[in-house]
Amino acid sequence: MSRLEAKKPSLCKSEPLTSERVRATLSVLKGIITSCYGPSGRLKQLHNSLGGSVCTTSQSSALLANLSVTHPILKILTTSVQNHVSCFSDCGLFTAILCCNLIENVQRLDLTPTTVIKLNKQLLSLCTSYLKSEVCGCRIPVDFSSTQTLLCLVCSILTSKPACMLTRKEIDHISTLILRAFLLTIPENTEDHIILGRSIIVPLKGQRVLDSTVLPGILIEMSEVQLRKILPIKKSDSLKVALFCVSLSGDLSDTGEGTVVVNYGVSLENAVLDPLLNLGRQLVSDHIDLVLCQKVIHPSLKQLLSMHRVIAIDRVGVALMEPLSKVTGTQPIGSLSSISPSSYGSVKDWSTAKFGSKWFFHLIPNEATVCSLLLCNRNDTVWDELKLTCQTALHVLQLTIKEPCVLLGGGCTETHLAAYIRHKTFNDPESILKDGGCTQTELRLITEAFCSALESLTGSLEHDGGEILTDMKYGHFWSVQADSPSVANWPDLLSKCGCGLHSSREELSWSFLRSARQPFAPQPCYPREAPGSADSLTLDCFTAKLSGLQVAVETANLILDLSYVIEDKN
């Protein structure tokens, strides 16, 4: 078929970052993301003007998923951040803001992209080496004999999500539940490799947040009428379970456009029902106590099983099949033909539970590596945000098991890191320039741009016009209110640093964050001999923040290296 119109030539634009339109668009995106950052971040409401659902959030995963961007450079940035969040769940806003800051700062410098990229890589290597080293002053080892550090980490995540609309009491309650749910997924008997279980978040909207709870095992929502029909089973040992992922309704598979040929005199109903009843008799003879089916169970088969005091529950859904497989210790049965005895699993017991207006069938496992987090909140909007936050916190705890350390939060790691980089490049530039190709002047310029990007990121935590300071001993982040006097006794105005580790009553001196100051070596921040001092700290996930730092620098380098953007207009 011939084309209705001539093919249009591709649109080729050179040096895309020199375009004012691109810079303005990037600045708008940065403004949106920056205003969401931190515990006092402003909420964003995303919706389509034609109608549909409305998303109210300050989280990067929800924000970027609902934000439509068209320019290729913005797509590179948002896609990089989304890929990071899909792997680590946390530090998405950190990554996006740092990337924007790096691009913005470097554009003011009269340096070639090659030089910028090379030195950015060197400074990134310096950061990662320091953060991974034993002498790192902003990294805290996690002691798993105590839950305090882990609890602080979860509280920090919940506090940084204002759209959850939680009070301090509610934050403490949900943090405790998340940590308890996570601990229930860790098997009691472990060898070399730990295989974690799973936490299932069960929705209960319209209830108080403080009504949320955690139960070992699985909750299957059912009507009160269905539950009352289930006869109790009295057994001293565990209950034998058959788990089916195939339909037990007797329906025929889709024949497409074909036809089904039935011999004369054959009852189609009996032909379908007989195999199901034979299956039911086999389950009874195998002493099965509980039949769980992902899809529908035929009423006749249900009646047969009920007559023999076998509990039959259908329509459990595909989402619960994997957790049910873990709880029962068996793989789902996908055939109606002869079933091997090894295909059956077991559970410890079952019970009924009522929360709010909902009734549940509670399956209690032999070993609790699967649990149900019954999550309550006042309405759909805040519940969706709280669910996303709980998923993030659970994932962060899993990452912390793999890498048992955390970073100081509240902006202190970023300001401490900036102070370390300035000191290192000022006192030992030869170690960074040993490969040649760059001058000390270029290193000084890029170092200032890099450190300024980190410090501007911490400045994004302040949304009410307050002043940002840093102390000249530890390099931590401090904030004062907007209406504070310009000449003041800082200890009287300051309380604690961003992470909460240091008090203004210590012998410290402060400087405005963006003011010129002599590079200094920040001292180690965390008293390793007193792990109890970790009470009520603001903490960040080490793995997620380290990855976010790498993604931000690498994405900025990629965008800075773009010479042409070629668009197909057809």
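The model is a predicted one, in which local features need pLDDT of at least 70 and side-chain atom pairs count only at pLDDT 80 or more, while totals for chains, interfaces and linings use all residues. Residues are numbered from 1 along each chain as its sequence is written, and side-chain values use heavy atoms, with hydrogens and water left out.

Helices (H or I, at least four residues) and strands (E, at least two) are taken as DSSP runs and numbered from the N terminus. Two strands are said to pair if DSSP finds at least two bridges between them. By these terms, 3 strands make up an open sheet with mixed pairing, in the order β5-β14-β6. The edges are held by β5 (198-205) and β6 (213-216), each with a single partner strand, so one side of each has no neighbour in the sheet. On average, neighbouring strands here are turned by 25° against each other, direction ignored; the angle is taken between axes, which are lines fitted to C-alpha atoms (for helices over the stretch in contact), and angles run from 0 to 180 degrees between N-to-C directions.

Strands of a sheet pair through backbone hydrogen bonds, either parallel or antiparallel. Both senses meet at β14. With β5, strand β14 runs parallel, joined by 8 bridges, and Lys205 stands opposite Asn377 of β14. With β6, strand β14 (residues 370-377) pairs in the antiparallel sense over 4 bridges. There, Leu215 has Ser372 as its bridge partner, and Pro216 stands opposite Cys371.

How much of β14 is buried? The term buried means under 20% relative accessible area, exposed means over 50%, and partly exposed lies in between (1.4 Å probe, protein chains only). For β14, 8 of the 8 residues are buried, so the strand is largely enclosed by the rest of the structure. In a regular strand the side chains alternate between the two faces of the sheet. Here, Val370, Ser372, Leu374 and Cys376 point one way from β14, whereas Cys371, Leu373, Leu375 and Asn377 point the other way, and all are buried.

Further strand pairs involve β13. Strand β7 (residues 218-222) and strand β13 (residues 358-364) are antiparallel partners over 5 bridges, with Leu219 opposite His362. Strand β12 (residues 349-355) also pairs with β13 in the antiparallel sense, over 7 bridges, and Trp350 stands opposite Leu363. The hairpin of β12 and β13 has 2 residues between the strands, and Gly356 takes a positive phi near 65° in it.

Attention now turns to the nonpolar cores. A nonpolar core is a set of buried Ala, Val, Leu, Ile, Met, Phe, Trp, Tyr and Cys residues joined through side-chain atoms within 4.5 Å. The largest has 119 residues, and those with the most contacts inside it are Leu77, Leu98, Leu131, Ile174, Ile178, Leu408 and Ile421. Helix α4 (residues 92-107) gives the most to this core, namely 10 residues. Another core, of 32 residues, lies apart from it and includes Leu227, Ile230, Leu239 and Leu324.

Helix α16 (residues 542-560) has 19 residues and reaches 27 Å from its first C-alpha to its last, close to the 27 Å expected at 1.5 Å a residue; the expected span is 1.5 Å times one less than the number of residues. Of its 19 residues, 15 are buried, so α16 is largely enclosed by the rest of the structure.

Side chains of opposite charge can pair when their charged atoms come close. With a salt bridge taken as a side-chain nitrogen of Lys or Arg within 4 Å of a carboxyl oxygen of Asp or Glu, the whole structure holds 17 salt bridges. In one of them, Glu104 meets Lys30, the closest N and O atoms being 2.9 Å apart. This pair links distant parts of the chain, with Glu104 in helix α4 and Lys30 in helix α1 (residues 20-34), 74 residues apart. Glu104 is partly exposed at 26% relative accessibility, whereas Lys30 is buried at 17%. Lys30, Glu104 and Arg108 are linked in a network of salt bridges.

The side chains of Glu414 and Lys545 also form a salt bridge (2.8 Å, N to O). Glu414 lies in helix α13 (residues 412-427) and Lys545 in helix α16, so the pair ties together parts that are 131 residues apart in sequence. Glu414 is buried at 3% relative accessible area, and Lys545 is buried at 6%.
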